[in-house]
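Here's a quick briefing to read alongside the model. Have the sequence and the coordinates open as you go.

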Amino acid sequence: MALLDLSDVTVSIGALMPLDRIAFSIEAGEIVGVVGESGSGKSLTAMAVMGLLPLIGGRITSGAVRFADVELNRLPERDYRALRGRRIALISQNPMTSLDPIRRVGQQIDQVSMIHLGLGAQQARLRSVDMMRQLRIPEADVVHGNYPHHLSGGMKQRIVIAMALAADPELIVADEPTTALDVTIQAQIIQIMVEMVRRKNVALMLITHDMGVVAQACDRVVVLYAGRVAETGSVERIFAAPRHPYTKSLIGCIPVEGLAPGGLKGIDGVVPGVANYPTGCRFHPRCSLAQDRCKIEAPLLRTFDEGAAACHLAGDPP
C-alpha cells in the first residue's frame with residue numbers, strides 16, 4: 001500500500017474549484033516531483049496533504065487523502081496536529097517564514113524532537129547538532145546558538161530541513177524549497193536534501209516548477225496544469241517519451257549545455273486563472289496540436305505502461 005495516496009481529490013474555495021480530481025501516490029522512501037507553472041495547483045495540493053486548506057477558506061469537497069492507514073481529510077484538527085511535524089513534515093518556500101526571528105535556530109530544531117519524541121533539552125541539543133552536521137553546516141555547535149539573521153539564505157534553509165527531519169517523519173512535503181535562494185546554491189541545497197531523505201528512507205513530495213530539478217532528484221513525476229493532473233510516470237519514461245504536450249513543453253524549457261543564443265524554448269500564453277478555466281482540455285488554448293475535440297471534451301486521465309496521461313492525442317493504452 002502507498003504511504004500517501006490522493007484519490008480524485010477536488011478542492012473548493014468558495015464557488016471556485018482550483019483542484020479537480022487530483023490523483024497520485026507516493027511509496028515509502030520514494031521521491032516524487034510535483035511540477036507545473038505557477039497557478040497549476042502545486043501549493044494547493046501540498047496544503048490539501050498538510051490539512052492547511054481551512055487557513056485560506058478551502059476544503060476538500062470530494063475524493064480522499066490517505067496517509068498510511070489514516071484518511072487525513074476526515075481527521076479532527078487536534079489529531080492532524082499530532083501528525084504534523086511527527087509523521088508528516090513541511091518545508092516551505094521561504095525559510096524566514098518558518099523560523100522565529102527572536103529565537104536561536106538550534107532551539108527551534110530542539111523543540112521539534114522535544115515535543116514529538118519526548119527528548120530532554122540536552123538530548124535534543126545533541127540530536128540537533130548531529131543533524132546540522134549531516135546537513136553540512138560548518139561549526140554546527142556554534143551555529144546552533146545563532147539567530148536566523150546571522151545566517152545566509154542557504155544556511156537558513158538547511159536549518160528548516162533539519163527541523164523537518166528532527167522527529168524522523170515518514171513523509172516530507174517540500175514546497176519549492178529553493179525558490180527564495182540564490183541560483184548558485186539551489187542545486188547544492190536540493191542535493192543535500194535528497195541525500196538526507198534517501199539515507200533516512202523518508203518519502204519526499206518535492207514541489208517545483210523546474211523540470212531540471214525533477215531530473216536531478218526524483219524517482220517519479222506528477223505534472224499539474226490548471227488544477228488537473230496532466231501526466232504521471234517515472235522520471236526516465238517522462239523524459240524519454242512524454243505523452244502530454246504540456247509535459248513536452250516543460251521539458252523543452254530546460255536549458256542545456258551548448259544551447260545556441262535564442263535557442264531556449266518557452267510556452268506561449270499563461271496558465272488560466274481558476275475563474276477562467278477553459279472548457280475541454282485546459283491546455284488547449286496553448287497547445288499547437290489541439291483539435292476541436294480538445295476544446296469541448298475534457299480528457300480522462302488514462303493509465304499507460306508506466307504512468308498516466310490526460311490527453312486525447314496520447315494514443316491508446318496497451
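Predicted model: local features only at pLDDT ≥ 70, side-chain atom pairs only at ≥ 80, totals over all residues.

Residues are numbered from 1 along each chain as its sequence is written, and side-chain values use heavy atoms, with hydrogens and water left out.

- Strand β3 spans residues 31-35, and five of its five residues are buried. Strands here are DSSP E runs of at least two residues, helices are H or I runs of at least four, and both are numbered from the N terminus. Buried means under 20% relative accessible area, with exposed over 50% and partly exposed in between (1.4 Å probe, protein chains only).
- Ile31, Gly33 and Val35 point one way from β3, and Val32 and Val34 point the other way.
- On one count, β3 runs parallel to strand β8 (residues 203-208), joined by five bridges; two strands pair if DSSP finds at least two bridges between them. Valine 34 has isoleucine 207 as its bridge partner in β8.
- β3 also runs parallel to strand β9 (residues 220-225), this time with four bridges. There, glycine 33 sits opposite valine 221.

**The β1-β2 hairpin**
- Strands β1 (residues 4-13) and β2 (residues 16-26) pair in the antiparallel sense over six bridges.
- The two form a hairpin with two residues between them, and glycine 14 in the turn has a positive phi of about 65°. Isoleucine 13 stands opposite leucine 16 in β2.

**Two helices**
- Glutamine 157 belongs to helix α7 (residues 153-165). Glutamine 157 counts as buried because its relative accessibility is 0%.
- Setting aside neighbours within four places in sequence, glutamine 157 is in contact with Ile91, Ser92, Gln93, Pro95, Pro177, Thr178, Leu181 and Ile189. Contact means heavy atoms within 4.5 Å.
- In helix α11 (residues 245-252), the buried residues are Pro245, Tyr246, Thr247, Leu250 and Ile251. Their cover includes α9 (211-217), β9, β10 (228-234) and α10 (235-240).

**The cavity**
- There is one cavity of 30 Å³ or more. A cavity is a set of points on a 1 Å grid over the protein atoms alone where a 1.4 Å probe fits but cannot get out, and lining residues have an atom within 4 Å of a point.
- The largest cavity holds about 70 Å³ of space; grid points are joined across faces, edges and corners, and the volume is the space filled by probe spheres set on the points.
- Its lining has 13 residues, with Pro245, Cys281, Cys287, Cys294 and Cys311 nearest the centre of the largest cavity.

Note on methods:
1 Å grid on protein atoms, 1.4 Å probe; cavity = no way out; pocket = protein on both sides within 12 Å on 5 of 7 lines; lining within 4 Å.
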